[in-house]
Amino acid sequence: NPFYSPDGRWIAFQSDRSGRMEVWVLNHQTGEVRQLSHEGSGGHFTRWTPEGDAIVFRCPTCNRTGQTMKIPLAGGPAIPFSNAKGGSHISLSPDFTHVMDVVGHNVVWVSPVSGGTPVKVFEFPDSNTRIDYPVWSPDGKAVVFDRFRPQGGDIWMMEDFE
């Protein structure tokens with residue numbers, strides 16, 4: 001799950017090259033590769049902060065049940081970022097104040113980064129329908145996600161989302 005930094009210089013990714021899944025960065029220009037996390041981060045998502053100075057990731061081993069963490073590009077320990085509902089298919093709002101995720105592959109939740117009550121925003125009643133990878137539009141007014149059913153998949157959009 002690689003993800004470019006806002007300036008395009010770094011690529012954050014997860015790898016088990018150290019023996020367990022961790023967050024790593026690759027300098028796109030020099031080829032330098034560094035391991036950032038040492039928590040056994042696991043999961044399958046990394047995202048950069050808007051400033052490009054840290055990476056947000058899901059750590060399933062943190063806080064016993066998993067936690068969304070933030071780790072500085074400069075190095076140092078990961079710190080809790082949010083107690084968002086879910087945690088494996090995270091999308092961050094354009095203003096970085098909310099986390100969207102899918103729980104059980106069929107319910108979309110939005111959680112405030114600063115704490116507070118998560119809000120259920122969408123659910124398919126059919127248990128054979130799977131929702132994956134919700135993503136906010138750059139203006140924050142729409143959300144797209146993958147819908148997968150045994151008969152095939154497609155992309156759905158929720159408009160006027162604010």
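A residue is called buried under 20% relative accessible area, exposed over 50% and partly exposed in between, judged with a 1.4 Å probe and protein chains only. By that rule Phe122, at a relative accessible area of 22%, is partly exposed. The structure described here is a predicted model, in which local features need pLDDT of at least 70, side-chain atom pairs count only at pLDDT 80 or more, and totals for chains, interfaces and linings use all residues. Residues are numbered from 1 along each chain as its sequence is written, and side-chain values use heavy atoms, with hydrogens and water left out.

**Strands and their pairing**

- Strands (E, at least two residues) and helices (H or I, at least four) are DSSP runs numbered from the N terminus, and two strands pair if DSSP finds at least two bridges between them.
- An open sheet is built from four strands in the order E9-E10-E11-E12, with antiparallel pairing.
- Its edge strands are E9 (91-92) and E12, each of which pairs on one side only.
- E9 and strand E10 (residues 98-103) run antiparallel and are joined by two bridges; Ser91 has Met100 in E10 as its bridge partner.
- Strand E13 (residues 130-136) pairs with E14 over five bridges in the antiparallel sense, and the bridge partner of Arg130 in E14 is Phe148.
- E13 and E14 make a hairpin with six residues between them, and Gly140 in the turn has a positive phi of about 75 degrees.
- Seven bridges connect E14 and E15, again in the antiparallel sense.
- The hairpin from E14 to E15 passes through two residues, and Arg147 stands opposite Asp154 in E15.

**Aromatic rings**

- Rings of Phe, Tyr and Trp (for Trp, the six-membered ring) pair if their centres lie within 6.5 Å; planes under 30 degrees apart count as stacked, over 60 as edge-to-face and the rest as tilted.
- There are seven aromatic pairs in the structure.
- One of them is the tilted pair of Phe122 and Trp156, with 6.3 Å from centre to centre and 50 degrees between the planes.
- This pair links distant parts of the chain, since Phe122 lies in strand E12 (residues 119-123) and Trp156 in strand E15 (residues 152-158), 34 residues apart.
- Trp156 is partly exposed, with a relative accessible area of 29%.
- The rings of Phe145 and Trp156 count as stacked because their centres are 6.4 Å apart and their planes are at 25 degrees.
- That pair also links distant parts of the chain: Phe145 belongs to strand E14 and Trp156 to strand E15, 11 residues apart.
- Phe145 is buried, with a relative accessible area of 2%.
- Through ring pairs, Phe122, Phe124, Phe145 and Trp156 are linked into a cluster.

**A charge over a ring**

- A charge sits over a ring if NZ of Lys or CZ of Arg is within 6 Å of the ring centre and within 35 degrees of the ring normal.
- The charged end of Arg17 sits in this way over the ring of Trp24, at 5.0 Å from its centre.

**Salt bridges**

- A salt bridge is a side-chain nitrogen of Lys or Arg within 4 Å of a carboxyl oxygen of Asp or Glu, and the structure has five salt bridges by this rule.
- Arg34 and Glu32 form one of them, with their closest N and O atoms 3.0 Å apart.
- Arg34 is partly exposed at a relative accessible area of 25%, and Glu32 is partly exposed at 35%.
- Glu123 and Lys120 meet through their side chains in a salt bridge of 2.7 Å, N to O.
- Glu123 is partly exposed at 36% relative accessibility, and Lys120 is partly exposed at 45%.
- Arg130 forms a salt bridge with Asp132, and the closest N and O atoms are 2.7 Å apart.
- Arg130 is partly exposed, at a relative accessible area of 35%, whereas Asp132 counts as buried at 9% relative accessibility.

**A nonpolar surface patch**

- Patches are made of residues with over 30% relative accessible area and no salt bridge; like charges are joined within 9 Å, and nonpolar side chains (Val, Leu, Ile, Met, Phe, Trp, Tyr) within 5 Å.
- Val135, Val144, Ile155 and Met157 form a nonpolar patch on the surface, and together they have about 360 Å² of accessible area.
- Accessible areas come from the Shrake-Rupley method with a 1.4 Å probe, and for residues only the protein chains shown count as cover.
- Val144 is placed in strand E14 (residues 143-149) and is partly exposed, with a relative accessible area of 31%.
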